[in-house]
Amino acid sequence: MTGPAALPGCNVLLMGPAGTGKTHSIGTVVDLGYDVHFFAFEAGSETLRGYYTDRGLPTPENLHISTVKAATSSWSEMADNAKYVNTMPYETLKKMGDPNRSKYDQFEKFLRTFNDVTSDDGKKWGSVDTWGTNKVVVIDGLTGLGNAAMKAVIGGKADRDQKDWGLAQNLLENFLRRMCDDCPCHFILLAHVERETDPVLGGTKIMVSTLGRALPPKLPSMFGDVILTVREGAKWTWDTASALADLKTRNLAWAANQPPTFKPIFDKWKARGGVGV
C-alpha cells in the first residue's frame, strides 16, 4: 500500500497498429518484478505467454491473467438481425431494442470484478482500490473494452443511434478517469489506432481507436505517458516525438526509435520518489 504522500503509479497509454509489439512489451514490466494483472479483452494473453515460452521459460508467478469473456449472439439471433435488416425500414431498426440485452453484461461484470479481482487460476487478489505501487493493471485492450461498453447500451441490436454512442462513451470515459485519477497502482492501457480529424487544429492525426470521435482527443490528457508503437520490418520501437500523433511523456525521452521496454519509465518514476519493487 502507498501512504497519503506517496507518489502514485504511472499511467501509460501504449497505442499502435496491430503487430507492433504492444502486448509483447508487457513482459518487460513483469521482468521488473511487479505484480502484473493482465486483463485480456482481446486474444493477447497468448502473445504475452509467448514472451516466455518462446525462450523455453516458465510463466512467472508475478504475472496474473484474467480473461474477460464477452457475451456473443447465437446463430439464431444473428439470423434474426439479418432478417430485420433485410425486411424493415432503417428508421424502424433505429428504434428497436434488443430483448436479450441483459445478457450483454461483460462491462458490468468487469467493473464488479475490480472489487475482488480473480485471475484465471482462481486466485483472488482483493479490490483494485487497495493496490499499491507494487502492482500494475494492464488492459488489453481499448477496442474490446469499448465494445463491451457499447454492448451494455445496445445489446445485440442491429443499429446504433447517436444517443447510444454518447452513453457508451460516458461509461468508458468514467472508468478510465477512475483508473487514472483514483487508483494508486500503475495502469497500462493498450490501444489500436486510426486516423481521425483533429477537432482543434484540423487535419488528420493518429489517435486511439475507440468509440466515436469525441472521446479519442480526451484520452491523452488522462495519461502521463502516451507512446506510439512502431514496426519497421522485424524491428519494434517506441516513439514519443512523432508530429503525426498526440503523444506525451513524463518518464521517457522525447524521441523516436526508442527500445520497446517499460524499464526506463519505472526507473524514472522511482528516481522521482516512487516506491515500487
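**Entry 1: S127**

I looked up the burial of S127 and recorded it as buried, because its relative accessibility is 16% (buried means under 20% relative accessible area, with a 1.4 Å probe and protein chains only). The model is predicted, so I note that local features need pLDDT of at least 70, side-chain atom pairs count only at pLDDT 80 or more, and totals for chains, interfaces and linings use all residues. Numbering runs from 1 along each chain as its sequence is written, and side-chain values use heavy atoms, without hydrogens and water.

I located S127 in the loop between α6 (106-113) and β4 (135-140); helices are DSSP runs of H or I with at least four residues, strands runs of E with at least two, numbered from the N terminus. Beyond neighbours within four places in sequence, S127 contacts F114, N115 and D116 (contact means heavy atoms within 4.5 Å).

**Entry 2: Nonpolar cores**

I found 42 residues in the largest nonpolar core, where I139, L145 and L176 have the most contacts. Such a core is a set of buried Ala, Val, Leu, Ile, Met, Phe, Trp, Tyr and Cys residues joined through side-chain atoms within 4.5 Å. Elements giving two or more residues to this core include α6, β4 and α7 (142-154); α7 gives the most, with 7 residues. Another core lies apart from it and has 26 residues, including F38 and V138.

**Entry 3: α6 and α7**

I noted that the axes of α6 and α7 come within 7 Å and cross at roughly 115°; axes are lines fitted to C-alpha atoms, for helices over the stretch in contact, with angles from 0 to 180 degrees between N-to-C directions. Q106, F107 and F110 of α6 meet L145, A148, A149 and A152 of α7 in this contact.

Notes
Buried means under 20% relative accessible area, exposed over 50%, partly exposed in between (1.4 Å probe, protein chains only).
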